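Below are my notes on the model you sent, arranged as numbered points. Please read them with the structure open beside you.

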Amino acid sequence: MNIRSLTRGDGVVIGAAALLFIASFLDFYSTTGVDLPSPWDTDAYRLVLPSVFLLGFIAAGLLIAGRFQPESRKVVGLPLAAWGTVLAVSAAWSALWALITCPSTFDLGAGAVIAFLATLALAGVSLFGAKVPALAGSLVPEARPAAPQPYGGQPQPGAAGYGYPGGQQPYGSTPQPVPPYGGTGTPTPAPGPQDSGAGHQAAATPAPAGDFSPFWFAVPVARPLFAEDGSPTQIAELAPGTWYLAVEQRGGAALVAQTQDGRRGVLSDTSGIQRG
């Protein structure tokens, strides 16, 4: 469980669930001179508890749990976030009708009003949270580096690396060949006349852009990271709220990204990424 994958919208969901829990102990309806029970008394309020409060609690739990589960994991064909959205909208709809159908002999209590506002916030975030930049940002922002560093430079004394071999280097240092993750680097021989045939074969492999500079970025939603050899093998999943290092550019838009544990792969979908 990575708390940095939570967004500010998830924070609103957690706050709305806490507010809904408090409202469940307040008077749902009120009248002068009579002390009415809370919604937990199903003999007095019938379906108010399961249709408003319990649905809201379950919806909030599913929306938060969906952040820590891969998108491929589904329940009856739908991801957890989709189920949470359906239940949040249902809870808000029930809370609205509880306001409209208030008996003429009673007044609306604080519990009914707060429950409607809390379920309305749940439904709004579940439907539009990913589309509003203020809600899609990370709830616990990660410390950003002062400036992007060249990838693979020689380590300096006392310099601490950030999840990749070689560590962060002063800008302008000479890059050195970077070994594969967990392996040992070997020097690259200079091309000679006998390598002319191999040169034509190497030219078929897409080369990184000549003017590309490494930078930090974050993804808006969880996205797969595929192997560098072009195979469809997924080696990692990039989570929102975490900063990753882009070390190369492949083709028109794809990036070679490095995770914090040192794995490298190709991010083919770079739409909507946030640069550090």
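**Notes on the predicted model**

1. Of the contacts in the chain with a separation of 6 or more, 61% are between residues 24 or more positions apart. Please keep in mind throughout that this is a predicted model.

2. As for overall content, the chain holds 7 helices and 9 strands, and 33% of its 276 residues are buried. The accessible surface of the chain comes to about 15400 Å², and carbon and sulfur atoms contribute 63% of that area.

3. Helix α1 (residues 8-23) packs against helix α5 (residues 110-128) at an angle of about 160°, their axes lying 9 Å apart. Angles over 145 degrees count as roughly antiparallel, and α1 and α5 are therefore described as roughly antiparallel to each other. Their crossing is left-handed.

4. The residues that make up this helix contact can be listed from both sides: α1 contributes Gly 9, Val 12, Val 13, Ala 16, Leu 19, Leu 20 and Ala 23, which meet a set in α5 that includes Gly 111, Ile 114, Ala 115, Ala 118 and Leu 122.

5. In a regular strand the side chains alternate between the two faces of the sheet.

6. Strand β4 is joined by 4 bridges to strand β5 (residues 234-238), and the two run antiparallel. Within this pairing, Phe 226 stands opposite Gln 234 of β5.

Key:
Residues numbered from 1 in each chain as written. Predicted model: local features only at pLDDT ≥ 70, side-chain atom pairs only at ≥ 80, totals over all residues. Heavy atoms only, no water. Buried < 20%, exposed > 50% of the residue type's maximum accessible area, 1.4 Å probe, protein only. Contact = heavy atoms within 4.5 Å. Areas by Shrake-Rupley, 256 points an atom, 1.4 Å probe, with all protein chains shown as cover. Pairing = 2+ DSSP bridges. Axes fitted to C-alpha atoms, helices over the stretch in contact; angles between N-to-C directions. Parallel < 35°, antiparallel > 145°, perpendicular 65-115°, else oblique. Left-handed = near helix turned anticlockwise from the far one by under 90°.
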